[in-house]
Amino acid sequence: MARGRSKRRRQAPRRRPTPGRSFVATCDRGRCSRGSRWESPATILAASLRFASLVVLSPSFGGCLAGCTDSGSHEEGPNATGGAGTLGYTGGAAGNAGRAAGPAVDWSSLDRSTLRARLDPADVTMAHQQADALVEQLTLSEKLSLVHGAEGDYVGAVVGVPRLGIPALTLQDGPAGVTQLDDVTAFPAPIALAATFDRELVELWGAAMGREQRTKGVAVQLAPMINLARVPAAGRNFESFGEDPYLCAELTRAAVTGIQSQRVIATAKHFVGNEQETDRTTGSSEIDERTLHEIYYAPFEAAVAAGVGAVMCSYNRVGGTYACEHPTALADLKEGLGFSGWVMSDWGATHSGVEAANAGLDMEMPGSAWFGAELETAVGLGTVSETRLDDMVRRILTSAARIGLFEDPPVGSPSAVATSVEHVALALRAATSSMTLLKNESGALPLEGLRSLAVIGAAASAPIAGGGGSAAVRVPYVVAPLQAIEQRAGTAVTVVHTSSPIADDAAAIAAAADAALVVLGVESSEGLDRPSLDLGDSANALVDAVAAVNSRTIVVLHTPGAVLMPWLERVSAVVIGWYPGQENGHALASVLFGDTSPTGKLPVSFPASESDLPLPDSSATVSYTEGLEIGYRRLDTRGLAPLFSFGHGLSYTTFEYSDLSLNQADSAQQLQVAFDVTNTGAREGTETPQLYLEYPDAAEEPPRVLRGFSRVELAPGDTRHVVIPLGPREFRVYDPSQQDFDVPSGTYRIRVGSSSRDLRLETVLTVVGTDGS
Ligand code: BGC
């Protein structure tokens, strides 16, 4: 943010491949046969560059760069185009150790603007024209009335200008569905959706939430919440998409697209540096510029590229200045990321009139303490220009026009019934997909071959659906785990239950049962961070007491994020049920009894110790000293073993990865990482292969970063060919001295696996980057 030279000036010397055995292809019209021979480094590099320039010069060229195999299996994956050809020339695929010879790409002449994700400007041209025509006709007082909140039946409201057909704006939370109103669906929390790693599902969920908002008469949904789970105990992590900027960006794109498909404006919040609740209205987040651009802006960049209509600035300060009056941050958003919509303040986060308006705040919420009479006076005095006021209004009207609110204004009402059978089915599907199996020994799960089951813990009968604060949804009902388990178990299994927190009571029923299920809940809310990741003495003692008398003890945790598990070695299985919404019990029972194989993957790391990752900072300054090393990246850098790693999640079946190849896609700059995943077990299952990139050392990145993922459903014995696209943007780093992104030259390792710590395949790629080295 602070402009200036970086202390961590990168120098990325181009690495030369070392001599070694190399597969060399003879190719004719896209068909290659491979042999192997000893190559000198010079020959390899020359061949790499020759090949690379062929690739770069020929936009429609497709070819295999490494590890090519002919696979007749089914192709799966985001943008799996199947457009890659079979031309190849070197090895370097699965199992290669070291960063020796590998294929190369030359991106040195790449236009750096392509390293940023952007909305196509053509998408806003018409809306701009419509907004401009309206701004010209608005009186000064009408313009002023559009830039602050007013009274209304919703969480926020802005008056309309009926004479010009500008509808009133109605604003409502939030990230987990419609809040404060009845007859809505209580969907799972965003952290549960993040655990699905499922873009398509997130888009459907966004669309369903948007549809409910629209039915309720809402024009602007105050979601998605895209701050990152930097602090495992942060109170709003349940509203987030987890700790990884890439995962969050991908799901943000899907959520925004879904919400806005219903003619509801989405709001990306909270911009920026709002990663904890402790002292959130006074604390100042100190984030170095590179980290800000690479980590914390990334989800907002994705929201903007997806066409998000509004951004909410946060309560906290950034580098000493309130986020809602931060000229640099707001310029980074509008000019840097190309945001054409409007910035509204969080509720009560406006602290000035003139400074905030001139810094880039476009709308005060929820009232007019600063943007009412004060702004009117300022415009009269010229301390805020009318041009700036026009810009504020134009931004609001541009988003309204682009999302279609002029031709199709919201007509719903707060009392309308918004939920539906389809939405409840989607809520169940999402909750089921999110269930994350962390441990499963001795076939503890699924629950088969039982005659009796002890169900223990308050959260089994008084179920948790979601978190607290502005995202809390009024649940019409919550299916309790106990109720659903009894239903599913039928008469064949005797189910006994206690909600007593007393360890002896729990042990008494556990001792007599074939298996014991302990269901525990961890509450979390906006406004305060969790005091600790520890479940507390009483809950831990309860699990220990049950495990001591029953060797098939299964723990289910409804938690917004990481918790410590001092009893882990003594239990057979652990399931994270997140905040699953109203269909809690049905989703859980389906997974516990094996009707569905668990598919969730951790969107946050579970550290072994509370101090391995940042704690909420209670000083005036919240220092993001870990820089780029958020979440698993920090654990990787420090060589700390997590309790459970980012991306981890088991299934009832097993998967094998094989045959990784690196291909050049049809587009000259896009690569495709292709590999096979086989279901080697006896049940159906879904695997989420993840792609991690390891930069050359000189890039000074964390050891590895997520840069792709897919989801494959497999019947027993089935193999799918998975294709994960990889373009220059995935290789970028931010250089503060140039205030721009670069692709560092050097040799990268591309790794694919089942979690950030379970990497099964790898290859290397030499990149001639944009850094001129
Ligand atoms: C929260 C926002 C929310 C707003 C309106 C604030 O306290 O931080 O996320 O949208 O209230 O309810």
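Start at the ligand: select the 13 residues around it, and look for Asp-173, Arg-236, His-270, Asp-346 and Glu-526, which come nearest. Keep in mind as you go that this is a predicted model.

Colour this shell by residue class and you will find 5 nonpolar, 2 polar and 6 charged residues. At Arg-236, an N or O atom of the side chain is 2.8 Å from a ligand oxygen. Move to His-270, where a polar side-chain atom lies 2.7 Å from an oxygen atom of the ligand. Then pick Tyr-315: here the distance between a side-chain N or O atom and a ligand oxygen is 3.0 Å.

Next, leave the ligand and turn to the aromatic rings. The structure holds 15 aromatic pairs. Select Tyr-695 and Tyr-748 for one of them, a tilted pair with 5.3 Å from centre to centre and 55° between the planes. Trace the chain between the two and you will see that the pair links distant parts, 53 residues apart: Tyr-695 is in the loop between β25 (690-694) and β26 (705-709), while Tyr-748 belongs to strand β31 (residues 746-755).

How accessible are these two tyrosines? Tyr-695 has a relative accessible area of 4% and is buried; Tyr-748 is buried too, at 0%.

Phe-731 sits in the loop between β28 (719-726) and β29 (733-735) and Tyr-748 in strand β31, so the pair ties together parts that lie 17 residues apart in sequence. Like Tyr-748, Phe-731 is buried.

The charged end of Arg-732 sits over the ring of Phe-741, 3.8 Å from the ring centre. For another arrangement of this kind, select Arg-230 and Tyr-624: the charged end of Arg-230 sits over the tyrosine ring, 3.9 Å from its centre.

For the last stop, select Phe-197, Tyr-246, Tyr-632, Phe-646, Tyr-692 and Phe-709 together, and show their side chains. Ring pairs link these six residues into a cluster.

How values were computed. Residues are numbered from 1 along each chain as its sequence is written. This is a predicted model: local features need pLDDT of at least 70, side-chain atom pairs count only at pLDDT 80 or more; totals for chains, interfaces and linings use all residues. Side-chain values use heavy atoms; hydrogens and water are left out. Rings of Phe, Tyr and Trp (its six-membered ring) pair if their centres lie within 6.5 Å; planes under 30 degrees apart count as stacked, over 60 as edge-to-face and the rest as tilted. Helices (H or I, at least four residues) and strands (E, at least two) are DSSP runs, numbered from the N terminus. Buried means under 20% relative accessible area, exposed over 50%, partly exposed in between (1.4 Å probe, protein chains only). A charge sits over a ring if NZ of Lys or CZ of Arg is within 6 Å of the ring centre and within 35 degrees of the ring normal. A residue is near a molecule or strand if one of its heavy atoms lies within 4 Å of it. A polar contact is a pair of N or O atoms within 3.5 Å; within protein, one must be able to donate a hydrogen and the other to accept it, and residues adjacent in sequence count only if both atoms are side-chain atoms. Ala, Val, Leu, Ile, Met, Phe, Trp, Tyr, Cys and Pro count as nonpolar, Asp, Glu, Lys and Arg as charged, and the others, Gly among them, as polar.
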